[in-house]
Amino acid sequence: MISFTVTALVFGVVFLAELPDKTALAGLVLGTRYRASYVFAGVAAAFALHVVLAVAAGSVLTLLPQQIVHALTGVLFLGGAAVLLFRKDESEEEVRRPENQSFWKVAGAGFMLILVAEFGDLTQIMTANLAARYDDPLSVGLGAVLALWAVAGLGIVGGKALMKRVPLKLITRIAALLMLALGVWSLWEAIAG
């Protein structure tokens, strides 16, 4: 059974954390050069793979005693909030242009770019934390993958317009505050539990 509450919470947190990430910019760059549907297919497949790996890692954490899981996820959320608050602005990365516009070349370029860029990324670690925290891999996985796909879609189709209207600094601060709140809440549960 899927929990709408958990899915919505995960979607919101992951969406806000991924918006200022380099992969949104990479999706924007690829989307301006190639057919958007081909780019999205590759990017979406890579994000789905990352979410499966993150949820599996988080599910392993649920085997530990709850107080330890709450303490661990609390510390990791606080670390993620610190990364968002104190990291430098990311610059646009050079994206290699595939030799032709075939589906497999373009989707493959998008897949490989995201696969490499997102491995061990903040949102992947955050997804593992949320999977451990809620012990609901399906809801967490669904929320995370939908958020990542939404950001990828925005980046590919309309990222430039969004970034002109919503300051990147504001998006980053909101994501950091949400992670800070989740970290404090998790630590409080570890101590109170």
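This is a predicted model: local features need pLDDT of at least 70, side-chain atom pairs count only at pLDDT 80 or more; totals for chains, interfaces and linings use all residues.
Let me start with a pair of helices: H1, residues 4-18, and H6, residues 122-134, pack at an angle of about 160 degrees with their axes 10 Å apart, where axes are lines fitted to C-alpha atoms, for helices over the stretch in contact, and angles run from 0 to 180 degrees between N-to-C directions. Helices here are DSSP runs of H or I with at least four residues, and strands are runs of E with at least two, numbered from the N terminus. H1 and H6 are therefore roughly antiparallel to each other, a label used for angles over 145 degrees.

Residues are numbered from 1 along each chain as its sequence is written, and side-chain values use heavy atoms, with hydrogens and water left out.

Which residues in H1 and H6 meet? From H1 we have Val6, Leu9, Val10, Val13, Val14, Ala17 and Glu18, and they meet Thr123, Met126, Thr127, Leu130 and Tyr134 in H6. The residues of this contact divide into 9 nonpolar, 2 polar and 1 charged, counting Ala, Val, Leu, Ile, Met, Phe, Trp, Tyr, Cys and Pro as nonpolar, Asp, Glu, Lys and Arg as charged, and the others, Gly among them, as polar.

Turning to H6 itself, 11 of its 13 residues are buried, so H6 is largely enclosed by the rest of the structure; buried means under 20% relative accessible area, exposed means over 50%, and partly exposed is in between, with a 1.4 Å probe and protein chains only. Thr127, which has its place in H6, is buried with a relative accessible area of 1%. Leaving aside neighbours within four places in sequence, Thr127 is in contact (heavy atoms within 4.5 Å) with Val14, Val51, Ala54, Val55, Val140 and Ala144.

Asp135 lies in the loop between H6 and helix H7, residues 137-165, and at 53% relative accessibility Asp135 counts as exposed. Phi of Asp135 is near 45 degrees, a positive value in a residue other than glycine. For background, most residues other than glycine have a negative phi.

Finally, the protein as a whole has 8 helices and 0 strands, and buried residues make up 45% of its 193 residues. Of the contacts with a separation of 6 or more, 93% are accounted for by residues 24 or more positions apart.

Terms used. Angles under 35 degrees count as roughly parallel, over 145 as roughly antiparallel, 65 to 115 as roughly perpendicular and the rest as oblique.
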